[in-house]
Every structure is written in structure tokens, then in C-alpha cells.
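Subject: Structure handover and findings

Dear colleague,

Please find the structure below. My notes on it follow.

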Amino acid sequence: MGRVPNVTRADALAALRNPLAFIAARWTPQPRTVRRAALAALVMSVVIVVTGGAVRLTGSGLGCPTWPKCTEDSIHNTAEMGIHGYIEFGNRLLTYVLCAAVGWAIVAARAGKPRRRSLTRLGWAQFWIVMGNAVLGGIVVLVGLNPYTVAAHFLLSSALIAVATVMWQRTREGDEPPRPLVGKAVQQLVWCMVAASGVLIAVGTVVTGAGPHAGDSSEVERMPLDWETVSKLHAVLAWIVVTLTFALWFVLKAVDAPKGPSARTRELFVILLAQGAIGYVQYFTELPEVLVGAHMFGSCVMWIWVLRVLLSLRERPAARAEAPGAPSAQASLTNA
């Protein structure tokens with residue numbers, strides 16, 4: 001083992017003033033490390049949605065009846081609260097795991113060489129969304145699982161997944177200006193699909209807000225809408241997204257598009273078919289909790305792949321190599 005370097009008073013002060021810059025000056029992660037950190041943040045953003053759904057589907061939404069503490073006198077659940085307290089408090093603890101994953105992504109992005117400010121900004125965007133959603137989650141508890149706040153909580157989680165997906169994709173690209181791989185008409189078709197998918201997810205929260213899974217065994221307010229009507233609207237929107245995806249797949253084949261967009265579109269089409277099958281089965285079997293949870297997970301995966309299709313329509317090569325004799329970016333950083 002090498003000798004551990006002494007940390008001077010100046011080093012300690014520098015670390016306190018700007019810990020990210022202090023770490024970046026002493027550690028350069030491999031590109032795959034940055035990619036894995038971004039992927040970890042994305043995976044945890046999906047996990048927190050699925051476990052949040054488990055809280056709701058087990059009737060544990062008010063397992064901790066207050067916030068930020070679990071009870072008026074305890075920051076954590078007590079044995080007297082039973083299984084619902086453990087489930088709700090466990091989901092709250094996972095928020096710290098999510099914060100750790102996002103923090104790791106921020107540190108890895110900031111320490112990468114050359115420095116990529118766009119990646120760091122995407123990491124910080126995730127951090128602030130997590131903080132905002134944590135506060136909103138507390139409000140959800142304090143207002144007794146009001147369905148409108150629950151819907152907003154899920155939509156903000158979808159925004160987190162979107163930013164995490166973009167960051168993960170950007171770690172696999174360079175920083176040159178994006179170059180389109182398909183024509184304008186195809187891009188417009190994809191944007192229509194993205195918009196329809198966003199509306200589909202939003203209406204899905206209304207289906208949940210009007211449906212029978214209120215999240216707690218007590219009397220919880222529901223959205224004053226006919227659940228079956230909203231469910232049918234949700235199904236129509238799902239078929240619109242499926243149709244747009246199939247049309248995109250056909251168009252990409254017709255114009256002999258690159259392999260990337262075609263592959264992502266084909267994968268999305270399969271995901272949509274699986275998600276639709278789960279949706280119809282849960283509808284005709286009176287919404288069993290396991291299938292509803294699987295449908296929530298499928299919604300996250302579908303949203304990720306919709307964004308992957310969008311991001312596959314362009315390429316961003318790495319920065320051009322410097323001219324012979326010019327100092328490299330790494331040398332410039334070293335000499336700075």
C-alpha cells in the first residue's frame with residue numbers, strides 16, 4: 001500500500017468550501033464509473049416509485065401518520081404500529097438510498113475529466129426534484145392521502161425518471177452539438193408519441209385517484225369521477241401510443257433509418273404490448289394489488305423507453321481531437 005498523504009489545514013478548508021472540487025482535484029473516475037453512477041440513480045428512481053406503490057397497495061399510506069417524524073414522539077415507527085408502520089417507514093428510508101445514488105452520480109459527473117457541466121447540472125436537477133418530492137410526500141401524509149397530491153407525487157417521480165434517463169444517455173455520448181439521424185417529419189412523429197405518453201401517464205394517475213386503492217384502510221377522499229369512464233379513456237390513450245409507436249416503426253423501416261432508433265422503437269412496442277396486457281387483465285380481475293404494482297413498474301419502464309426512442313434520434317460524438325502539438329485537455333487541467 002502506498003503512503004496515505006497528509007491532509008493539511010488548507011486541504012481541510014478547501015474541502016469545506018467546495019467538497020466537489022476538492023474530490024475532483026484528487027480523483028478521476030473511469031467513464032464506465034460515471035455511466036454506472038447515472039444508471040444507479042435511474043434504477044433507484046424506479047425502485048422508489050415501485051415501493052411507493054407497495055405502500056399504497058398494502059394500505060400503509062398512513063402507516064406513519066405524520067411527517068417528518070413517523071409519530072408525534074418518534075422519528076421511526078414503533079412495534080405497536082404493526083406491519084403498516086414498517087412498510088411506510090421503510091419506504092421513507094429508501095429516500096435516503098435514492099439521495100445517496102443521486103449524490104454518487106453528481107460526484108462522479110463532477111470528478112470526470114474533462115469536466116462536463118451538463119452532466120453535473122442533470123445530477124443536481126435530480127437532487128432538487130428528490131428534495132421537492134420528499135416535501136410533497138410529507139404533504140401527502142399531512143393531508144390524509146388527498147388524491148390530487150398523490151397524483152402530483154407520482155408525476156414528479158416521472159419527471160425524476162425523465163431527468164435520470166437523459167443523464168444516463170448523456171454519459172454514453174460526447175459533447176459535440178447533436179446531429180439528427182432522421183428527418184424532421186420523423187422527429188415530429190416521435191414528439192407526438194412522447195406527448196401522448198405523457199398524457200397517458202397523467203390520466204393513469206386520475207384512474208388511480210378515482211379507483212378503489214385509496215392507500216389506507218380508513219376513509220380516504222377519492223376524485224369525484226366515474227372510475228370506469230376514466231379507465232376507458234386511459235385505454236384509448238394507450239392504444240393511441242401503441243398506434244403511434246407502430247407507425248414510427250413502419251416509417252423508420254421505410255426510410256432505412258439507422259439501427260438505434262429502429263431497435264429502441266421495436267423494444268418500446270413490445271413493452272407497450274406487455275403493459276397493455278397487464279392493464280386489461282387487472283381491469284377484468286377487479287384490480288388485484290400484485291397486477292396494479294406490476295402496471296406501475298411497467299409505466300416507469302415504458303416512460304424510460306419512450307425517452308430512449310426520442311434520444312436515439314440524434315448522435316453526439318465526443319469532442320474533436322486537438323491538433324498535433326496542441327496541449328491536451330487533461331494537460332490543461334493539470335497545469336491550471
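In which helix does Ile139 lie? Ile139 is part of helix H5, which covers residues 117-142. Helices here are DSSP runs of H or I with at least four residues, strands are runs of E with at least two, and both are numbered from the N terminus.

Before the rest, some ground rules: this is a predicted model, in which local features need pLDDT of at least 70 and side-chain atom pairs count only at pLDDT 80 or more, while totals for chains, interfaces and linings use all residues. Residues are numbered from 1 along each chain as its sequence is written, and side-chain values use heavy atoms, with hydrogens and water left out.

Overall picture

The protein chain contains eleven helices and two strands. Their order along the sequence is α-α-α-α-α-α-β-α-α-α-α-β-α. Of its 336 residues, 44% are buried (buried is under 20% relative accessible area, exposed over 50%, partly exposed in between, with a 1.4 Å probe and protein chains only). The accessible surface of the chain is about 17900 Å², and carbon and sulfur atoms account for 67% of that (Shrake-Rupley method, 1.4 Å probe; for residues, only the protein chains shown count as cover). Taking contacts between residues at least 6 apart in sequence, 78% join residues at least 24 apart (a contact is heavy atoms within 4.5 Å).

Surface patch

Ile139 counts as partly exposed because its relative accessibility is 37%. Together with Trp67, Val135, Leu142 and Val143, Ile139 forms a nonpolar surface patch with about 410 Å² of accessible area. Patches take residues with over 30% relative accessible area and no salt bridge; like charges are joined within 9 Å, and nonpolar side chains (Val, Leu, Ile, Met, Phe, Trp, Tyr) within 5 Å.

Nonpolar cores

A nonpolar core is a set of buried Ala, Val, Leu, Ile, Met, Phe, Trp, Tyr and Cys residues joined through side-chain atoms within 4.5 Å. The largest one has 70 residues, and the members touching the most others are Ile161, Val190, Met193, Leu248, Met302 and Trp303. At least two residues of this core come from each of H3 (31-57), H4, H5, H6 (147-171), H7 (184-210), H8 (227-254), H9 (259-284) and H10 (289-311). Leaving aside residues up to four places away in sequence, Ile161 touches Leu42, Ser45, Val46, Val49, Cys300, Trp303 and Ile304. There is also a second, separate core of five residues, among them Val140, Leu145, Val150 and Val220.

Salt bridges

The structure has seven salt bridges (a side-chain nitrogen of Lys or Arg within 4 Å of a carboxyl oxygen of Asp or Glu). One joins Glu88 and Arg92 at 3.0 Å, N to O. Both of these residues are buried, and they are separated by about one helical turn because they sit four residues apart in helix H4 (residues 82-111).

Arg170 and Asp175 form another, with their closest N and O atoms 2.8 Å apart. Arg170 is buried at 6% relative accessible area, whereas Asp175 is partly exposed at 37%.

A further salt bridge links Glu315 to Arg179, with closest N and O atoms 3.2 Å apart. Glu315 is in strand S2 (residues 314-315) and Arg179 in strand S1 (residues 179-180), so this pair ties together parts that are 136 residues apart in sequence.

Regards
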